[in-house]
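The following questions and answers examine the fold and selected local features of one protein model. Please consult the sequence and the structure as you read.

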Amino acid sequence: MNICVAGKYSIAINAIKYLIETIKISKDSLFICINRDDKGEDKWQPSLLKYANNNGLNNINISSLQDIENLIFISLEYDRIINTNHFRSDQLFNIHFSLLPNYKGMYTSTHPILNGENTTGVTLHLIDNGIDTGPIINQLEFDIGINYSAKDLYKKYLEYGLRLFKESILSLIDKSYKHKGQTNIGSYYYSKNSIDFNNIKIDYNNTSFSIHNQIRAYIFEDYQLPTINGSKIIKSILTDRLTKNSSINEEREKFIISGIDGFIIEAYKKK
């Protein structure tokens, strides 16, 4: 048996550690497949390439994996679409950051917040030749806090994604897992073009809840921050305090905003 972990960040590194230290998988049977943008340097998340190099792990490209028999391939934030027809193995798995069939595709830390969802989750599924359309094996659900930013939500995905991996890996190894096809009801897909992060616009002619969601959905400091009157916003808090008018008032450290229903939002500036 051979196992490949493909992807990035702490979720992939911690999954590899679990395979070696807990499941006792030999390094000779373990392969690592690195994302294209991993340059071997730790940033806000650790580099899988750096970890693999420092620990003597087999770094292999995707084309070389295709001819390996008895392969278990696990995508943990891998950045390429897999063509299953090119693989000898049919044990190809992905952990997707949403509760499939909803939120297939991109920006699963942004769209659920924009849409005002209060729960989301992670899904382990078989990879087919669609985009996040394969049969579901296991899922974990968790709450989205009312003041979560996109980065807060992504960190939760990393936490629960690793938990799902640990809960499920033995069933993948011994092939005892069960799966079920996805339903067509509640199935949504968001492409890379669904959001233009270089042109973020907030619609203030809306409820406070919607305005708050628009602000916090784009708060991911390592990639982008929303702006209000030229100031970058690092945190948004929706309160139950009321004011009479829809307004935007600037203070030294924050903006006080209210929508058409008058509930007050505190939007804090980046220092």
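Helices (H or I, at least four residues) and strands (E, at least two) are DSSP runs, numbered from the N terminus. The model is predicted, so local features need pLDDT of at least 70, side-chain atom pairs count only at pLDDT 80 or more, and totals for chains, interfaces and linings use all residues. Residues are numbered from 1 along each chain as its sequence is written, and side-chain values use heavy atoms, with hydrogens and water left out.

Q: Where is lysine 175, and is this residue buried or exposed?
A: Lysine 175 lies in the loop between H5 and strand E9 (189–190). Its phi is near 60°, a positive value in a residue other than glycine. Buried means under 20% relative accessible area, exposed over 50%, and partly exposed in between (1.4 Å probe, protein chains only). Because its relative accessible area is 57%, lysine 175 is exposed.

Q: Which helix holds tyrosine 9, and is this residue buried or exposed?
A: Tyrosine 9 is part of helix H1, and its phi of near 65° is positive although the residue is not glycine. Most residues other than glycine have a negative phi. With a relative accessible area of 13%, tyrosine 9 is therefore buried.

Q: Which residue is the bridge partner of histidine 96 in E7?
A: E4 and E5 run parallel and are joined by 3 bridges; phenylalanine 73 has leucine 92 as its bridge partner in E5. E5 and E7 pair in the antiparallel sense over 4 bridges. In E7, the partner of histidine 96 is threonine 123.

Q: How many residues of E5 are buried?
A: Leu92, Asn94 and His96 point one way from E5, while Phe93 and Ile95 point the other way, and all are buried. E5 is mostly covered, the buried count being 5 of its 5 residues.

Q: Which residues does asparagine 213 touch, not counting residues up to four places away in sequence?
A: Asparagine 213 belongs to helix H6 (residues 208–217). This asparagine counts as buried because its relative accessibility is 1%. Not counting residues up to four places away in sequence, asparagine 213 touches Ile113, Leu114 and Gly116.

Q: What is omega for the peptide bond that joins leucine 100 and proline 101?
A: Proline 101 is found in the loop between E5 and strand E6 (104–105). Most peptide bonds are trans. The bond joining leucine 100 and proline 101 is cis, with omega of about 20°.

Definitions and conventions. Pairing = 2+ DSSP bridges. Contact = heavy atoms within 4.5 Å.
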